[in-house]
Amino acid sequence: MIRLPRAAVWACAIFVAVAFVYVGIRKVEGPSAIRWAEMFVNWGYPANTQYVVGLLEILGGLGVLIPKWRRAAAAILVALMFGALCTHAVHAEFPRLIPPLVLGGLAFLLYWSRLHPGREQATHRGIGV
């Protein structure tokens, strides 16, 4: 695991949360949801897939703000971004690879970051090390 300062983990988590919740809401409601639906169908996904992806992005974005759920939420977001990377690569949409690379990379960083480095020291003190 990567040991990061607590402030860096929280800054990354907040950025990832805002980005994913914002994009997820755009996939679920409003005029942009119609455009997302058209893009998903053009990519060959079933109708209304953007709702599932949008909901997972919203839940994952909120989940990274809850320390106990951070790793699971980050894993879901990494999986979503891997799917986005594959979709854009298959359809030769190379400029569209950058957002999932960045957001997926940050989600991966959250997944591998050590959230409570002090917890290990407390268990070592209990056994006399």
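The chain folds into 6 helices and 2 strands, where helices (H or I, at least four residues) and strands (E, at least two) are DSSP runs numbered from the N terminus. Read from the N terminus, the order of elements is β-α-α-α-α-α-β-α. Please keep in mind that this is a predicted model, in which local features need pLDDT of at least 70 and side-chain atom pairs count only at pLDDT 80 or more, while totals for chains, interfaces and linings use all residues. Residues are numbered from 1 along each chain as its sequence is written, and side-chain values use heavy atoms, with hydrogens and water left out.

**The chain as a whole**

- Of the 129 residues in the chain, 33% count as buried; buried means under 20% relative accessible area, exposed means over 50%, and partly exposed lies in between (1.4 Å probe, protein chains only).
- Among the contacts in the chain with a separation of 6 or more, 68% join residues 24 or more positions apart, a contact being heavy atoms within 4.5 Å.

**Helix α1 against helix α3**

- Two packed helices are described by the angle between their axes and the distance between the axes.
- Helix α1 (residues 6-28) and helix α3 (residues 49-63) have axes that come within 7 Å and cross at roughly 155°; the axes are lines fitted to C-alpha atoms, for helices over the stretch in contact, and the angles run from 0 to 180 degrees between N-to-C directions.
- That angle makes α1 roughly antiparallel to α3, on a scale where angles under 35 degrees count as roughly parallel, over 145 as roughly antiparallel, 65 to 115 as roughly perpendicular and the rest as oblique.
- The crossing of α1 with α3 is left-handed, a term used if the near helix is turned anticlockwise from the far one by less than a right angle, with right-handed used if clockwise.
- On the α1 side, the residues in contact are Ala17, Phe20, Val21, Val23, Gly24, Ile25, Lys27 and Val28; on the α3 side they are Gln50, Tyr51, Val53, Gly54, Leu55, Glu57, Ile58, Gly61 and Leu62.
- By class, this contact of α1 with α3 has 11 nonpolar, 4 polar and 2 charged residues; Ala, Val, Leu, Ile, Met, Phe, Trp, Tyr, Cys and Pro count as nonpolar, Asp, Glu, Lys and Arg as charged, and the others, Gly among them, as polar.

**The salt bridge**

- The structure holds 1 salt bridge, defined as a side-chain nitrogen of Lys or Arg within 4 Å of a carboxyl oxygen of Asp or Glu.
- Lys27 pairs with Glu57 in a salt bridge, with 2.8 Å between the closest N and O atoms.
- This pair links distant parts of the chain, with Lys27 in helix α1 and Glu57 in helix α3, 30 residues apart.
- Lys27 and Glu57 are both buried.

**Helix α4 and its partners**

- Helix α4 (residues 70-90) packs with α3 at an angle of about 145°, and their axes are 8 Å apart.
- The α3 and α4 helices cross in a left-handed way.
- From α3, the residues Val53, Leu56, Glu57, Gly60, Gly61 and Gly63 meet Arg70, Ala73, Leu77, Leu80 and Met81 of α4.
- The contact of α3 with α4 divides into 6 nonpolar, 3 polar and 2 charged residues.
- Helix α5 (residues 98-112) also packs with α4, at an angle of about 155° and with the axes 8 Å apart.
- That makes α4 and α5 roughly antiparallel, and α4 passes α5 in a left-handed crossing.
- Residues from α4 in this contact include Arg70, Arg71, Leu77 and Met81, and those from α5 include Pro100, Leu103, Phe108 and Leu110.
- The classes in the contact of α4 with α5 are 14 nonpolar, 2 polar and 2 charged.

**Two buried residues to look up**

- Thr87 sits in helix α4 and counts as buried at 7% relative accessibility.
- Leaving out residues up to four places away in sequence, Thr87 touches Trp43 and Tyr45.
- Val9, in helix α1, is buried with 4% relative accessibility.
- The C-alpha atoms of Val9 and Leu110 are 6.8 Å apart, though 101 residues separate the two along the chain.

**Positive phi in the loops**

- Most residues other than glycine have a negative phi.
- Asn48 has a positive phi, near 70°, and belongs to the loop between α2 (31-42) and α3.
- The relative accessible area of Asn48 is 48%, so Asn48 is partly exposed.
- Ala92 also has a positive phi, about 55°, and lies in the loop between α4 and α5.
- Ala92 counts as partly exposed at 49% relative accessibility.
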